[in-house]
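Subject: Structure for your review

Dear colleague,

Here is the structure I said I would pass on. Please have it open while you read the notes that follow.

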Amino acid sequence: MLTLRLRPKLKAGQSSLFLPEPATFKSIRPRTNKFGILILVAIVFWFFNPFRWITYPFAPPAPRYPAAYPYTSEHVIETPSKYIYPVVEDVPKLKELGAKNLVRQVRVQDAEVPELQKTLLQSLNVLDDKDPVAQKQKEEAENAKLEEARVKNDFKNHDKKVFKPKSLKNYPRAVIVTAIDFDRYSMDAITKIIQNRVDYGYAQNYGVYVRWVQEFVPLMNSLNFLTDKERSKWVRLYCLRAAMFAFPHAEWFWYFDQDGLVMNQKVDLIEYLVDTESLRKSMLLEQPVIPPDGLIKTYKNVQPNRVRLIFTQSDRKIESNSFIVKNDFLGKGLLDTWGDRLFLNYNNFPYGPESAITHFLQWHPFVLSRTAIVPARTINSLHSESALDDKAQDQMHYYSGDLVAQWSSCETPLKCEEVLNGYHALLKKDETQPKN
């Protein structure tokens with residue numbers, strides 16, 4: 001019996017091997033995640049940006065900032081020596097001339113009160129020839145004729161000096177900075193102070209930057225600050241900022257004031273205190289900014305690698321005779337803000353820059369989060385007139401083996417030099433003892 005095999009009628013051009021598609025077949029499509037595709041495309045463009053070569057010619061040019069230059073001149077004097085300090089032999093002549101004869105005084109109209117005139121103190125560099133070559137020839141001729149001219153030229157030119165090595169390979173990681181008042185100490189004492197910095201710099205491959213306090217008279221626009229103990233402290237900030245210009249590639253700058261000596265030349269400051277782990281061990285956490293019981297305290301979770309300012313304290317305030325600043329955009333910015341003329345001229349800061357930084361730490365959490373307070377004996381051991389025998393517990397005063405000794409509390413130049421000579425004798429005694 002034959003069975004009929006029924007098939008649908010074929011359309012013209014349709015193969016007989018396949019059945020026709022159902023009427024609803026073409027409406028069935030696989031689902032696609034359009035949102036996910038858009039995210040994927042966005043990621044590809046974010047990382048690879050295939051059109052960057054097209055947009056590059058139309059991109060705005062990078063900002064160009066004016067070149068940096070010293071406080072009192074537009075020219076620099078490059079030196080291959082990483083030990084920058086003034087001519088010590090000129091101290092007697094500088095004392096004879098006095099600060100007022102080392103600057104230019106002009107009368108100008110007061111911008112705020114036009115009917116009055118005020119005295120403007122300027123560096124002698126304002127009289128320089130705009131051509132540095134011509135100026136150098138002029139000074140050489142002056143120096144050959146008169147000793148006083150040579151002393152004045154050396155004094156004003158010290159601001160222009162910058163460290164320029166042949167290679168950055170062995171560039172100093174840190175620079176020790178000191179401002180010295182040539183009227184405060186004798187030439188012999190000043191020689192000891194500068195030699196002490198140079199010896200330490202040589203031992204640790206650090207830079208040395210020393211300036212006369214009197215060089216900053218034009219910046220302060222005052223001669224009276226030289227005899228004002230608190231106001232003269234502002235020079236420390238400006239001297240350190242000048243050092244940053246002279247040593248642009250150094251990582252850290254340590255300001256250590258004239259009333260102190262580095263007593264342990266073997267200690268590498270960076271390994272001893274500044275490196276992350278060393279600083280972590282030394283930082284005083286939850287320490288009152290104003291000791292002993294101030295309400296505002298350092299944070300308990302400060303990360304050492306974020307610290308840009310390192311200070312010590314006395315028993316009543318933050319001290320500025322020994323402090324450390326990191327040389328990056330943030331460290332420079334904090335230093336520039338700290339030394340702004342608004343704070344310099346503010347009359348209600350009894351301790352000058354120390355009151356100003358205390359204000360910053362109390363009212364600006366960002367600054368506090370970038371600041372570390374360490375025990376005084378790390379970089380600021382205080383001289384004591386009496387014998388001490390509690391080395392383990394005393395975190396304030398100097399003991400043998402400490403990095404430095406400082407005597408900023410001495411009352412007269414004669415007493416300061418007496419203390420200096422005593423510590424210098426101890427230092428020389430240690431150097432002559434046989435090494436084990």
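Strand 8 (residues 252-256) pairs with strand 11 in the antiparallel sense, over five bridges. Strands here are DSSP runs of E with at least two residues, helices are runs of H or I with at least four residues, and both are numbered from the N terminus; two strands pair if DSSP finds at least two bridges between them. Within this pairing, Tyr255 stands opposite Phe323 in strand 11.

The model is a predicted one: local features need pLDDT of at least 70 and side-chain atom pairs count only at pLDDT 80 or more, while totals for chains, interfaces and linings use all residues. Residues are numbered from 1 along each chain as its sequence is written, and side-chain values use heavy atoms, with hydrogens and water left out.

The sheet

Strand 11 (residues 318-326) is also joined to strand 10 (residues 309-313), by four antiparallel bridges. Ile310 stands opposite Ile324 in strand 11. Nine of the nine residues of strand 11 are buried, so the strand is largely enclosed by the rest of the structure. Buried means under 20% relative accessible area, exposed means over 50%, and partly exposed lies in between (1.4 Å probe, protein chains only).

These strands belong to an open sheet of seven, in the order 2-7-6-8-11-10-12, with mixed pairing. Its edges are strand 2 (83-84) and strand 12 (371-373), each of which pairs on one side only. Helix 13 (residues 353-363) packs on the sheet and touches strand 10, strand 11 and strand 12; its direction makes about 65° with that of strand 11. For that angle, axes are lines fitted to C-alpha atoms, for helices over the stretch in contact, and angles run from 0 to 180 degrees between N-to-C directions.

Eight of the eleven residues of helix 13 are buried, so this helix too is largely enclosed by the rest of the structure. The eight are Pro353, Glu354, Ser355, Ala356, Ile357, Thr358, Phe360 and Leu361. In the loop between helix 12 (341-344) and helix 13 sits Tyr346, which counts as partly exposed at 44% relative accessibility. Tyr346 and Ala356 are ten residues apart along the chain, with 9.1 Å between their C-alpha atoms.

The cores

Ile310 and Ile324 come up again in the largest nonpolar core, which has 53 residues; those with the most contacts inside it are Ile190, Trp254, Leu269, Ile310, Ile324, Leu403 and Trp407. A nonpolar core is a set of buried Ala, Val, Leu, Ile, Met, Phe, Trp, Tyr and Cys residues joined through side-chain atoms within 4.5 Å. Helix 6 (residues 187-204) gives the most to this core, with six residues. Apart from it lies another core, of 49 residues, among them Leu237, Tyr238, Phe253 and Tyr255.

Leaving aside neighbours within four places in sequence, Trp407 is in contact (heavy atoms within 4.5 Å) with residues including Tyr185, His383, Cys416 and Tyr423.

Gln135 lies in helix 4 (residues 132-145) and counts as buried, at 5% relative accessibility. Its side chain reaches the backbone nitrogen of Asp129 at 2.8 Å, and a polar contact of 2.8 Å joins the side chains of Gln135 and Glu139. A polar contact is a pair of N or O atoms within 3.5 Å; within protein, one must be able to donate a hydrogen and the other to accept it, and residues adjacent in sequence count only if both atoms are side-chain atoms. Beyond its neighbours within four places in sequence, Gln135 is in contact with Asp128, Asp129 and Lys156.

Lys156 is among the buried residues of helix 5 (residues 147-157), as are Val151 and Phe155. The buried residues of helix 5 pack against elements including helix 4, strand 4 (117-123) and strand 7 (207-212).

The whole chain

The protein chain has 16 helices and 13 strands. Of its 436 residues, 44% count as buried. Among contacts with a separation of 6 or more, 72% come from residues 24 or more positions apart.

Regards
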